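Good morning, and thank you for joining this meeting.

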Amino acid sequence: MVEAARLGAAAARRSPLDALPHVAARGAPAPADFAALVATETPVVIKGLFDDWVALAAGRHSPGRLNAYLAGMDCGVAVPVMEAPARAGGRFAYRADMREFTFTKRQAPLRDTLARIEGLIGQENAPTVAIQMLPLADTLPEFVHQNPLPLLPAEVGPKLWLGGAVKTQTHNDRDHNLACVIAGRRRFTLFPPEQVANLYVGPLDNPPPLSLVDPENPDFDRFPRFREAMASARAAWLEPGDAIFIPKYWWHHVASLDPYNAMVNYWWGDTVRGIERPNNIFLAALLALRDLPPGERTYWQAMFDAHVFGDPDAASGHIPTAIRGALGTMSRDERAVLRRQLISAFQK
């Protein structure tokens with residue numbers, strides 16, 4: 001009876017995410033091969049990528065050892081700290097009105113914050129405190145020297161994420177993401193970019209836009225399309241020493257599974273600015289196209305399908321190459337001319 005009760009309790013604690021297909025894993029690629037891996041636009045877990053890191057050895061030892069290692073490099077710069085009350089259950093998400101979040105943000109001294117995070121381990125009804133997006137090259141430059149990642153260019157700086165059992169709601173990034181776990185276990189739940197309509201994402205003007213659905217306990221009555229998102233989801237369980245590559249725009253929910261967790265990540269790839277930045281054009285399309293009459297919307301949808309997202313040769317192959325203009329492969333000079341024309345038009 002006791003064993004049955006124990007097994008029943010364990011089953012009750014299982015998450016629907018436990019049954020998801022696993023993200024494929026591989027060994028560390030050579031720097032020359034990494035571009036090909038990125039070009040696949042497919043998430044992958046990478047083993048053995050940073051085994052020689054001093055930070056990883058400290059994180060595997062204990063929270064106290066990693067905290068002491070980080071505090072020893074402290075230059076006295078305030079760090080970004082997020083905190084959610086105990087009632088939030090570690091979820092960093094929207095509040096009910098979607099205008100505010102369940103957590104607060106502030107700047108605080110690194111040493112004090114590390115000590116507080118460590119002191120909260122094992123406490124009941126404790127808040128969830130985390131250091132997030134700490135730019136290590138600016139705040140702890142010695143960390144970067146002692147824990148190099150030659151896979152990426154030197155200008156791609158690492159960021160530190162350290163804290164309690166945080167659950168970050170499903171979101172995506174406009175950059176590629178390489179996340180390296182140095183303490184605690186993390187679960188990444190990933191959804192392809194095209195699942196956006198099934199994720200019930202919140203407002204764009206309160207970034208980062210977050211999914212309203214808790215994937216660990218989804219309310220399918222309120223969010224019925226989320227079943228389709230789950231059908232295409234996959235998950236990765238990372239131990240210290242594991243990394244995961246997440247291509248830009250892939251949606252991901254991140255759960256820190258232990259009372260103390262630390263991760264270093266690298267973002268890169270969102271380099272386009274101004275008129276050619278896709279997000280700016282998306283917002284311009286919302287402004288210009290969404291409220292048009294149905295017939296006009298149909299026209300522009302067909303134009304985008306044919307000339308932006310379709311096969312360019314099928315759409316304009318009947319036009320001689322020399323006079324295709326913007327419908328063809330534009331030279332650098334032609335792109336510059338079109339860019340100036342658009343900037344002038346937008347300013348009127």
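**Helix α4 and its surroundings**

Let me start with the buried residues of α4, which pack against α3 (54-61), α5 (110-119), α7 (141-146), β7 (158-163), β9 (176-183) and β14 (261-268). Packing here rests on contact, meaning heavy atoms within 4.5 Å. Helix α4 covers residues 63-71, and its buried residues are L66, N67, Y69, L70 and A71. Buried means under 20% relative accessible area, exposed over 50%, and partly exposed in between, with a 1.4 Å probe and protein chains only. Helices (H or I, at least four residues) and strands (E, at least two) are DSSP runs, numbered from the N terminus.

The model is predicted: local features need pLDDT of at least 70, side-chain atom pairs count only at pLDDT 80 or more, and totals for chains, interfaces and linings use all residues. Residues are numbered from 1 along each chain as its sequence is written, and side-chain values use heavy atoms, with hydrogens and water left out.

I turn next to β7. Five of the six residues of β7 are buried, so that the strand is mostly covered. Two strands pair if DSSP finds at least two bridges between them. Strand β7 pairs with β6 in the antiparallel sense over four bridges, and A130 stands opposite G163 in β7. Strand β7 also pairs with β14, again antiparallel, over six bridges; there K159 stands opposite N265 in β14.

Which residues does Q132 touch, not counting residues up to four places away in sequence? They are P80, M82, F92, L160, W161 and V166. Q132 lies in strand β6 (residues 128-135) and is buried, with a relative accessible area of 9%.

A further part of the structure is an open sheet of five strands, in the order β4-β8-β13-β10-β11, with mixed pairing. Its edge strands, β4 (91-92) and β11 (234-238), each pair on one side only. Within this sheet, β10 (residues 186-191) and β13 (residues 251-256) run antiparallel and are joined by six bridges. T189 stands opposite H253 in β13.

Finally, the cysteines. How many disulfides does a search of the whole structure find? It finds zero, a disulfide being a pair of cysteine sulfur atoms within 2.5 Å. C75 is exposed, with a relative accessible area of 55%, whereas C180 is buried, at 0%.
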